Amino acid sequence: MKVDLSGKVAVVTGGGGVLCARMAEALAEAGAKVAVLDLRKEAADAVADRINSAGGTAIAVAANVLDRASLDAAANEVGEKLGICDILVNGAGGNHPDGTTAREFLEKDDLDNESAGRTFFDLDPKGIGFVFNLNFLGALLTTQAFCKPMARRGNGVVINISSMNAFRPLTKIPAYSGAKAAVSNFTQWLAVHFSHVGIRVNAIAPGFFLTNQNRALLTEPDGSLTQRGKTILSHTPMGRFGTPDDLLGALLFLADDSASGFMDGVVLPVDGAFAAYSGV
């Protein structure tokens, strides 16, 4: 199956990151004109430059997914330079240390032991709020900013980036797991809400991929695995971390109306069978 997105305009938030940068490139390789949105303009510029150098069409746009005015300005810029968005990829997301516990399990001795690090009872509401806002509210606000013209026209595609954490919460990261569960729930809600105006809404739920955000948690400086990295791979039947290219089939499939035109409200795992494995 060959996916042809010629004539389409794709918008990718978090487009300067490892995974979303590759998604932006793949959409351009399929013929779409791509707007690479990122809080860090220099990161978006680098991705857009690679796309343009390879013969595609891309622009870099600075945008804060938590600031509606910034998103509206980005939507106006994309509309003027590329046209109305056809495919929106809500890829911006991440975690925060203040929403993360130091240990996997709480022990009684931890309650009065400062050396135990951050326990559940020490989690900072501001850190938790940051994680929920970045992952959930960022997707909601971006969809508001870009999808009204889609609704008026009567067609469009939204692809959210959830996580396997949404299906099975991981130890130590309650805020991120809960936020991604909200993204999956929002995907289903929005698919129903938009169903009468021709906009399909689905999500991709990646398993474990090495990115700039988690590399230090999963690998040692010499490239060997940390204990957490070993635990993850021992529970991933395919025995490896995902690569950015592993997400592209799901992305292009969901973006193409001719391939997935009757798929709506789906959260598609790409996880090396992590969710299927009981550990036994």
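This is a predicted model: local features need pLDDT of at least 70, side-chain atom pairs count only at pLDDT 80 or more; totals for chains, interfaces and linings use all residues.
How are helix 1 and helix 8 oriented to each other?

Residues are numbered from 1 along each chain as its sequence is written, and side-chain values use heavy atoms, with hydrogens and water left out.

Helix 1 (residues 18-29) and helix 8 (residues 248-255) pack at an angle of about 50°, their axes lying 10 Å apart, and the two helices are therefore oblique to each other. Angles under 35 degrees count as roughly parallel, over 145 as roughly antiparallel, 65 to 115 as roughly perpendicular and the rest as oblique. The contact (heavy atoms within 4.5 Å) joins Arg22, Met23, Ala26 and Leu27 of helix 1 to Leu248, Leu251, Leu252 and Ala255 of helix 8.

## Helix 4 and helix 5

Helix 4 (residues 125-153) packs on helix 5 (residues 174-193) at an angle of about 20°, with the axes 8 Å apart, which makes helix 4 roughly parallel to helix 5. Helices here are DSSP runs (H or I, at least four residues), numbered from the N terminus, and axes are lines fitted to C-alpha atoms over the stretch in contact, with angles running from 0 to 180 degrees between N-to-C directions.

Residues of helix 4 that meet helix 5 include Ile128, Val131 and Phe132, and their partners in helix 5 include Ala175, Tyr176 and Gly178.
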